[in-house]
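Dear colleague,

I am passing on the structure below for your records.

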There are 2 protein chains.
Amino acid sequence: MNKFGDLIRSKREEQEMLLRHLSAQLDMDTAMLSKIERGEKTVKREHIETLAKLFKLDCNYLFSLWLADQVFQLVENEKQALQALKIAEKELKINNET
Amino acid sequence: MNKFGDLIRSKREEQEMLLRHLSAQLDMDTAMLSKIERGEKTVKREHIETLAKLFKLDCNYLFSLWLADQVFQLVENEKQALQALKIAEKELKINNET
DNA sequence: ATTAATTTGTCTATTTTTGACAAACGTATT
DNA sequence: AATACGTTTGTCAAAAATAGACAAATTAAT
């Protein structure tokens, strides 16, 4: 799963931007951006806002995709992945209430 | 949240073991085990099975606690934590089906 | 106060991640 | 086929994160 990168790529292509155009705005080289779009690397937190503004996306939503990708990476390939997520989620809810 | 460490500690105390007894079995010093039980450090994967056997716990369950703690650490303090978990979970389910 | 158990802090070694750069690849155009 | 352009891949050094040994401090018990 690479929802973040996929979205950025689709938005970029939608606007007919090249890697080099966007990478310049993010102050990185095209190779890096390419890797980010394909989920091989992760963009820095600070870049999320920039990207959201650029593509008129909801910043919180974009951030949640970014975070979800990282969670996914952590648990994918694990047999107990779903169970672990459920446990974490439950705990999170408890903490939010109190 | 530190479900893994809490469980180990409670099991250890239940059996009136000292840190030094358990730490010897895990081939680490007491300081390290102390940190693990309090969630300051994470135990190595290989240790999970040892611990499960020692305390007669379900290895898969213990592993899922261990993983959940790591997921939790990743998202705690994030406003979008729950949303991110939901997204990851959804994706996980899709992947499991196919 | 002494001893025992646990916790905390510090410091080095190891591992992991980052990102720049160059080279390779694919595709279209001439 | 050769060139040009966009993208991807590989490599490598620097930087950051983590691990874990050890010592010292803290807490608790006798």
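What follows is a short account of what was found.

This is a predicted model, in which local features need pLDDT of at least 70 and side-chain atom pairs count only at pLDDT 80 or more, while totals for chains, interfaces and linings use all residues. Residues are numbered from 1 along each chain as its sequence is written, chains are lettered from A in the order in which they are written, and side-chain values use heavy atoms, with hydrogens and water left out.

Chain A can be laid on chain B with an RMSD of 0.1 Å by a turn of 180° and a shift of 0.0 Å along the axis (a least-squares superposition on the C-alpha atoms of residues with pLDDT of at least 70 in both). That is the relation of a two-fold axis, and the same surface serves both copies, since 100% of the contact residues of chain A (contact being heavy atoms within 4.5 Å) recur in chain B.

An unreviewed UniProt entry annotates residues 8-62 of chain A as "domain: HTH cro/C1-type", although such annotations may be inferred rather than shown by experiment. Over this stretch the chain is 65% helix and 0% strand, and the end C-alpha atoms are 9 Å apart (helices being DSSP runs of H or I with at least four residues, and strands runs of E with at least two).

In chain B, helix α4 (residues 45-55) packs against helix α5 (residues 59-75) at an angle of about 135°, with their axes 9 Å apart (axes are lines fitted to C-alpha atoms over the stretch in contact, and angles run from 0 to 180 degrees between N-to-C directions).

With regards
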